[in-house]
Amino acid sequence: MGTLSLSSSLKPSLVSSRLSSSPSPSSSSFPKPNNLSLKPTKLISPPLRTSSPSPLRFANASIEMSQTQESAIRGAESDVMGLLLRERIVFLGSSIDDFVADAIMSQLLLLDAKDSKKDIKLFINSSGGSLSATMAIYDVVQLVRADVSTIALGIAASTASIILGAGTKGKRFAMPNTRIMMHQPLGGASGQAIDVEIQAKEVMHNKNNVTSIIAGCTGRSFEQVLKDIDRDRYMSPIEAVEYGLIDGVIDGDSIIPLEPVPDRVKPRVNYEEISKDPMKFLTPEIPDDEIY
């Protein structure tokens, strides 16, 4: 009985000592290092790149921008028309259409806006073209405050002669070998009779309008200009000066003649006498000593 009591008294202590001395599976297979903290760790992500460029990138961008501006300036300087525009020179060197008229008008308005006290030189080498486009250029030449000096070279024919005569009086010139031609507006119509009649009225309106403009530029009467432009009328620069369409001929460093054209030029032919006896003027009497 004493033994049983002893064993019963020692049993709890032995069990507790065994439990405390026996290693746990986790501690035996994964030894725990000393001073190990089990605090949760924070994941540190790499710093994100911002969109702001570096100073070096700013320097490269400024260099590229300056190079682009320099190349644009060099391109503008290499443009002949751009250089002429800087010298207040506008060049009309092709047939007149809406596109050409828009370019000429924009250049005239730009030069007039920059300085309305300096002259604008309009060089003309054109065989004419659209009447509506020509009238637009004519109106802008009359609109600008600056004096427009028209200079013809090569040929100024058809509607181009209207622009030539539209310049400021006293500043309309031509080169010695220029040919100048005037004629009445051309037109045609087809279709029904009423449509042909409408187009015919429009053609007559344009003819009267062109005649009045040339009469105002030359100082001649409406009836005389109406007769002169009935057919193609070619003139040399000297003949154009005598007619009153231009004011002088540029020959080297001089301008001839320098006499201003009067506002009203007296016609050399009396149209009343022509209407009485037209055959007399169609077959003039020529002395025998003048026949070659």
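Modeller: In helix H8 (residues 193-218), Glu 197 and Lys 201 are four residues apart, about one turn of the helix. Helices (H or I, at least four residues) and strands (E, at least two) are DSSP runs, numbered from the N terminus. This is a predicted model, in which local features need pLDDT of at least 70 and side-chain atom pairs count only at pLDDT 80 or more, while totals for chains, interfaces and linings use all residues. Residues are numbered from 1 along each chain as its sequence is written, and side-chain values use heavy atoms, with hydrogens and water left out.

Colleague: What do Glu 197 and Lys 201 form, and how far apart are the closest N and O atoms?

Modeller: A salt bridge is a side-chain nitrogen of Lys or Arg within 4 Å of a carboxyl oxygen of Asp or Glu. Glu 197 and Lys 201 form one, with the closest N and O atoms 3.8 Å apart.

Colleague: Are Glu 197 and Lys 201 exposed or buried?

Modeller: Buried means under 20% relative accessible area, exposed over 50%, and partly exposed in between (1.4 Å probe, protein chains only). Glu 197 counts as partly exposed at 42%, and Lys 201 is exposed at 56%.

Colleague: Which residues do salt bridges with shared partners join into one network?

Modeller: The network consists of Asp 119, Asp 147 and Lys 171. Lys 171 bridges to Asp 119, with the closest N and O atoms 2.8 Å apart. Lys 171 lies in the loop between helix H7 (159-165) and strand E4 (172-174), and Asp 119 in the loop between H5 and strand E2 (120-126), so this pair ties together parts that are 52 residues apart in sequence. The side chains of Asp 147 and Lys 171 also meet in a salt bridge, at 2.9 Å from N to O. Asp 147 lies in the loop between helix H6 (131-143) and strand E3 (148-157), so its pairing with Lys 171 ties together parts that are 24 residues apart in sequence. Lys 171 is partly exposed, at 24% relative accessible area; Asp 119 is partly exposed at 30%, and Asp 147 is partly exposed at 30%.

Colleague: How many salt bridges does a search of the whole structure find?

Modeller: The search finds seven.

Colleague: Which elements do the buried residues of H8 pack against?

Modeller: Contact means heavy atoms within 4.5 Å. The buried residues of H8 include Lys 207, Val 210 and Ile 214. The buried residues of H8 pack against H6, H7, E4, strand E5 (179-182), helix H9 (222-228) and helix H10 (237-243).

Colleague: Is Asp 112 buried or exposed?

Modeller: Asp 112 is buried, with a relative accessible area of 8%. Asp 112 is placed in helix H5 (residues 98-114). Leaving aside residues up to four places away in sequence, Asp 112 touches Ile 120, Val 144, Arg 145 and Ala 146.

Colleague: What holds for the chain as a whole?

Modeller: The chain has twelve helices and eight strands, and buried residues make up 28% of its 292 residues.
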